[in-house]
Amino acid sequence: MDFSIIIMIIGIILIILSFFFKDSNKKVEAEVEELTFSLYQETSALKRRLKVVEEELLIESTKITPPKKTTKKPVVHDIIKSQVLELHKQGYSLKEISSRSSLTIEEVQSVIGGGN
């Protein structure tokens with residue numbers, strides 16, 4: 001017998017046998033479809049829960065009143081204080097000290113007076 005005839009017979013037999021075996025791909029497809037559906041359900045449930053939490057946070061944040069603004073005296077750094085005191089010792093006016101130190105006249109007076 002010719003080798004090509006033997007291969008052809010084996011091929012025909014394998015094709016006929018493939019019709020009798022169950023297709024395992026259908027099982028895998030069904031499992032993937034089920035997994036996809038359950039994943040979609042879980043994702044939807046998480047989105048709903050997240051939306052509820054966001055709404056609760058939004059409601060709570062509107063209930064909170066903002067803190068009252070208090071006017072604080074600006075803190076003057078020690079280096080600027082020593083500069084202001086040195087300029088005062090040298091006889092500069094408050095206006096000149098204010099322009100050189102980038103402080104207001106009231107802040108300069110406070111530093112010179114020892115209030116800050």
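Predicted model: local features only at pLDDT ≥ 70, side-chain atom pairs only at ≥ 80, totals over all residues.

Me: Start with the overall make-up. How many helices and strands does the protein chain have?

Reply: Count the elements, then read their order. The protein chain has 5 helices and 0 strands. From the N terminus the order is α-α-α-α-α.

Me: What share of the residues counts as buried?

Reply: Burial is a cut-off on relative accessible area: under 20% is buried, over 50% is exposed. Here 9% of the 116 residues in the protein chain count as buried. Contacts give another view. Among those with a separation of 6 or more, 36% join residues 24 or more positions apart.

Me: Now a helix pair. At what angle do H4 and H5 pack?

Reply: Take the axis angle together with the axis distance. H4 covers residues 94-101 and H5 covers residues 105-113. Their axes are 9 Å apart, at an angle of about 105 degrees. An angle of 65 to 115 degrees counts as roughly perpendicular, so H4 and H5 are roughly perpendicular to each other.

Me: Which residues of H4 and H5 meet?

Reply: List each side of the contact. H4 brings Leu 94, Lys 95, Ile 97, Ser 98 and Ser 101. H5 brings Ile 105, Val 108, Gln 109 and Ile 112. By class, that contact holds 5 nonpolar, 3 polar and 1 charged residues.

Me: How do the axes of H3 and H5 cross?

Reply: The axes of H3 and H5 come within 10 Å and cross at roughly 85 degrees. H3 and H5 are therefore roughly perpendicular to each other. Lys 81, Val 84, Leu 85 and His 88 of H3 touch Val 108, Val 111 and Ile 112 of H5. The classes here are 5 nonpolar, 1 polar and 1 charged.

Me: Which residues of H5 are buried?

Reply: Ask which residues are buried, then where they sit around the axis. In H5 the buried residues are Glu 107, Val 108 and Val 111. They span an arc of only 100 degrees around the axis, which puts them on the same side of H5. Their cover includes H3, residues 78-89, and H4. On the other side of H5, Glu 106 and Gly 113 are exposed.

Me: Zoom in on one residue. Is Ser 101 buried or exposed?

Reply: Find the element, then the accessibility, then the partners. Ser 101 is in helix H4. Its relative accessible area is 3%, so Ser 101 is buried. A polar atom of the Ser 101 side chain lies 2.7 Å from the backbone oxygen of Ile 97. Beyond its neighbours within four places in sequence, Ser 101 contacts Ile 80, Gln 83, Val 84 and Val 108.

Me: What about the loop between H4 and H5? Which residue there has a positive phi?

Reply: For a loop, check the backbone angles, then accessibility. Ser 102 lies in the loop between H4 and H5. Its phi is near 60 degrees, a positive value in a residue other than glycine. Ser 102 has 66% relative accessibility, so it counts as exposed.

Me: And the end of H5? Why does Gly 113 count as exposed?

Reply: Use the cut-off again. Gly 113 is in helix H5. Gly 113 counts as exposed because its relative accessibility is 66%. For its place in space, compare it with Leu 85: 28 residues apart in sequence, 9.7 Å apart from C-alpha to C-alpha. Just after H5 comes Gly 114, with a positive phi of about 85 degrees.

Notes
Residues numbered from 1 in each chain as written. Heavy atoms only, no water. Axes fitted to C-alpha atoms, helices over the stretch in contact; angles between N-to-C directions. Helix = DSSP H or I, 4+ residues; strand = E, 2+ residues; numbered from the N terminus. Parallel < 35°, antiparallel > 145°, perpendicular 65-115°, else oblique. Contact = heavy atoms within 4.5 Å. Nonpolar A, V, L, I, M, F, W, Y, C, P; charged D, E, K, R; others polar. Buried < 20%, exposed > 50% of the residue type's maximum accessible area, 1.4 Å probe, protein only. Polar contact = N/O pair within 3.5 Å; in protein donor to acceptor, adjacent residues only side chain to side chain. Arc of directions from axis to C-beta.
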